[in-house]
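This report goes through a few local features of one protein chain. Please keep the sequence and the 3D view open while reading.

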Amino acid sequence: MRVVVIGSGIVGSSAAYECAKAGADVLVLEAGRIAGGTSAVSFAWTNATTKRPRPYFDLNVAGMRAHLELRRDFGVAPWFTQSGSFDWRTVSESMDDYFENFRQMKEWGYGVEWIDKNLVAEMEPDIDVAAIGDCPISYYPEEGWVDPVLYAAWLLRAAKERWGAKVRVDARVTEIETEGGRVSAVRTADGVRHGADAVVNCTGGWSSQRLGDAQGIPLSSTIGVLAFTPPVALTLRSQLHADDLDIRPDGAGRIMIHKVSVDLTFKKPEAISPSGDEARTLLEAASKVLPSLRAAGVEAIRTTVRPFPEDGYTCAGAMPDVAGHYMAVTHSGVTIGPQLGKVVADEVVRGKLHDEMETFRPQRFFQASAKRAAAAHA
C-alpha cells in the first residue's frame, strides 16, 4: 500500500513512522524543512489537564502513555523529558475553575496532588516561592515536554532505516488527484506526480486549504508567541504554570516563556524583536518567579500558527468527499502525536477502526455545514 503523508511535524512524523512500521510504502512530503512549521515553535507540553470532555481527556492520556511506549521502542528518547509540572493561581477570579479542574482530574484518575511551598523550594530552589504567596499549589508528576524537531528527526530516521520510508523536503503539495472518487496521486509545486493509495493530511494550520479534488477542514487557529532566554545558570527541571504564564527549560540552559495574554495581541504570525515590548512583558513575568532571569534578557522570540479545528477538538479520520484522504490535525499534537500515529496506521493501513475516535471524525464539520445550508435555503 502506498501512503503519502503530507507534513513532517510531530503528527506527520508519527503517522509516517507507524504506517511504515505497519508495512506501508511511505512517502513524506514536506513543504519546507522537517518539523519547520508549528512543531518548531511549540511549548510542547505533554499533558491532559483541563482537557474536556472525557473522550478528549482519554485521548490525551493515551498520548502520554504512547510517549512512554515509544521511548521503550527506541531504548532512548533524547526528545522527551518527564519531570513534572507545578501549577498555581494568584487571581481570585480563576480559583473556582482551578479547584474544579483539580477535582475533575483527581476523579478521572489523573496524577495530581497538592504540595506546599517548602517542597517546591526543595525540589526547584531557583523558584522564588514568595511569588506564589499563600496560593495552593498543585503538582502533576507525570507531565513533561518534547522537543518536536528532534522527535520528528528520530522517527523519520527510524522509518527510513527500518522500513524504507522516503522523505522529500521543499516539496509543497498543491493537489490531491482522484480517480472515481478515490485518491490516485498527489502533485507537488514542481509538477512531480507521486502515486498514492492513501493520503494522510498532517498540515496543521494549513489543513483548511483545498488540494485539488480534496477539500480541507474549517479552522479557528490562534497565534502563539514564545520567548527564549540565552543560557542561564539555573537547575530548573520542572515546568511552571502560574495564571496565564508558562515556563520550562529548553535545553543548554535556555528557558522558554509563554503568556496567553501576549498571544491574544496578535492576529497573524509576525517577526518580533527580542528587545520589544512583548519580550519585556514575558521576561518580567518570568523573572518574578525565577529571579535569575532578570539580567538574562531575551535571545529570541517567535510566533506561530497554533492549529485548532473549528470546534477546538482533534480532527482525525477519513474525509467524506474523497476515499483514501485521511485528515489528522489537532492543537494537542505534542501530547497525542504518537497515539495518533498508531490510530492512523491502524485505520489507513490495517483497516482497523478505533471506536474511541468517533467523537473526532471530520464528518462532523460537513454535517454541520449541510445543516446550515439547509436552514439558509429554508
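## Asp87

Asp87 is part of strand 5, which covers residues 85–88. Strands (E, at least two residues) and helices (H or I, at least four residues) are DSSP runs, numbered from the N terminus. The model is predicted: local features need pLDDT of at least 70, side-chain atom pairs count only at pLDDT 80 or more, and totals for chains, interfaces and linings use all residues. Residues are numbered from 1 along each chain as its sequence is written, and side-chain values use heavy atoms, with hydrogens and water left out.

With a relative accessible area of 8%, Asp87 is buried. Buried means under 20% relative accessible area, exposed means over 50%, and partly exposed lies in between (1.4 Å probe, protein chains only). The side chain of Asp87 makes a polar contact of 2.4 Å with the side chain of Arg89. A polar contact is a pair of N or O atoms within 3.5 Å; within protein, one must be able to donate a hydrogen and the other to accept it, and residues adjacent in sequence count only if both atoms are side-chain atoms. Apart from neighbours within four places in sequence, Asp87 is in contact (heavy atoms within 4.5 Å) with Tyr98, Pro136, Ile137, Ser138, Tyr140 and His241.

## Ile127

Ile127 sits in the loop that lies between helix 4 (117–123) and strand 7 (137–140). Is this residue Ile127 buried or exposed? Ile127 counts as buried because its relative accessibility is 5%.

Setting aside neighbours within four places in sequence, the contacts of Ile127 are Val120, Leu240, Val289 and Leu290. Between the C-alpha atoms of Ile127 and Ala31 there are 41 Å, and the two residues are 96 residues apart along the chain.

An open sheet is formed by three strands in the order 10-11-12, with antiparallel pairing. Its edge strands, strand 10 (173–179) and strand 12 (193–195), each pair on one side only. On average, neighbouring strands of this sheet are turned by 30 degrees against each other, direction ignored. Two strands pair if DSSP finds at least two bridges between them.

Strand 10 and strand 11 run antiparallel and are joined by six bridges. In their hairpin, two residues lie between the strands, and Gly180 has a positive phi near 60 degrees. Strand 11 (residues 182–188) also pairs with strand 12, over three antiparallel bridges. Val186 in strand 11 stands opposite Ile176, and the bridge partner of Val186 in strand 12 is His194.

Notes: Axes are lines fitted to C-alpha atoms, for helices over the stretch in contact, and angles run from 0 to 180 degrees between N-to-C directions.
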